[in-house]
Amino acid sequence: MNPHNPVTPKSLTASEYVLALFAPSDNVAILIRHRHLGHTLQRITKAELIAAPEFQSALLEQNRAGADIFVGMNPITDGAYNRTKQSLKEIRHVYLDIDRDGDQAIEVIRSSLDIPTPNFVLNTSPGKYQVVWRVEGVNLQAAEALLHSMANHFGGDLAATDATRVLRLPGFANRKLAIEFVVQVVQASDQIYSLEDFHIPQDSPEAPRNVGDSARSHPALGHRSQSERDWAYAMRALSRGDNPESVIRRIADFRADDKPDPEYYARLTVTKAQAALEQPATSARGTDRNFERSSRGIS
């Protein structure tokens, strides 16, 4: 079981969920997306106003008209009108968007000793979930490093790893689906966690560069060079079906400060990883060693 005592699981309404995430006076982003019309409306207002019956009725009307309803997961500073990293007041939540093998992933998350008990689990469609933890004392860079690492570790959506992310608001139908599915949320813990409660290694390009520096400096990561970890990441990401260009971009971003030509280095890494994956398994180890020898000459 997770190392923090959970509460008796209970379902929450949309209003209860908003007020469980935020203080009443927090500025919160609400996103209304009419996918079929290509129209998106964002409003930043107080959490207590969003939770009010009148606001919820207006959201329900939009949802019935075909819109999906989302809520920003971190509060916005006073006077800000955009949901940007610069406008975030502080980090209140980290999260996972599980869009494949969801039922299995949820069981792994619930039993993992590497992370605490999730505060909220949203069922967003059959077999798909969003998982939320309340946190404090976590800065933007550390939060996004953790988001990337958890997504990689538990098979979450790597696109849902920025601190400005919006997730679905429960109580409203998921309009991406042909058959109506109303998003539900269960609260399983009322704890507020710190970074020390999460024990996910941050040793790959899923973690932002400015946090990766300190993560890479510890020999406890197995005494592998960063090139070896980049290679391992490329193999892992390609094996699970990630787009090669996305893998190249992540590696290039991660090595931007210590490679004169990070794009070339990243492309070579991914190209060689693709070639290794296409070869029989018996020759993969030799290709791995060949890459390591050739990569030493890339500065």
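Predicted model: local features only at pLDDT ≥ 70, side-chain atom pairs only at ≥ 80, totals over all residues.
The chain comprises 10 helices and 9 strands. Of its 299 residues, 50% are buried. When contacts between residues at least 6 apart in sequence are considered, 70% of them join residues at least 24 apart.

Two packed helices are described by the angle between their axes and the distance between the axes. Helix α7 spans residues 226–239 and helix α9 spans residues 262–278. The two pack at an angle of about 55 degrees, and their axes lie 9 Å apart. An angle from 65 to 115 degrees would count as roughly perpendicular and one under 35 degrees as roughly parallel; α7 and α9 are therefore oblique to each other. Their crossing is right-handed. On the α7 side, the contact is formed by Q226, S227, D230, W231, A234, M235, L238 and S239. On the α9 side, Y265, T269, V270, K272, A273, Q274, A276 and L277 take part. By residue class, the contact of α7 with α9 contains 9 nonpolar, 5 polar and 2 charged residues.

Helix α4 covers residues 102–111, and its buried residues are G102, A105, I106 and I109. Viewed down the axis of α4, these buried residues fall within an arc of 100 degrees, so they line one face of the helix.

The relative accessibility of T124 is 5%. Because the cut-off for a buried residue is under 20%, T124 counts as buried. Leaving aside residues up to four places away in sequence, T124 touches Y129, Q130, R168, N174, F181 and V183.

R64 belongs to helix α3, which runs over residues 53–64. The relative accessible area of R64 is 65%. Since exposed means over 50%, R64 is classed as exposed. Along the chain, R64 and F172 are 108 residues apart, while their C-alpha atoms are separated by 8.7 Å.

Notes
Residues numbered from 1 in each chain as written. Heavy atoms only, no water. Axes fitted to C-alpha atoms, helices over the stretch in contact; angles between N-to-C directions. Helix = DSSP H or I, 4+ residues; strand = E, 2+ residues; numbered from the N terminus. Parallel < 35°, antiparallel > 145°, perpendicular 65-115°, else oblique. Left-handed = near helix turned anticlockwise from the far one by under 90°. Contact = heavy atoms within 4.5 Å. Nonpolar A, V, L, I, M, F, W, Y, C, P; charged D, E, K, R; others polar. Buried < 20%, exposed > 50% of the residue type's maximum accessible area, 1.4 Å probe, protein only. Arc of directions from axis to C-beta.
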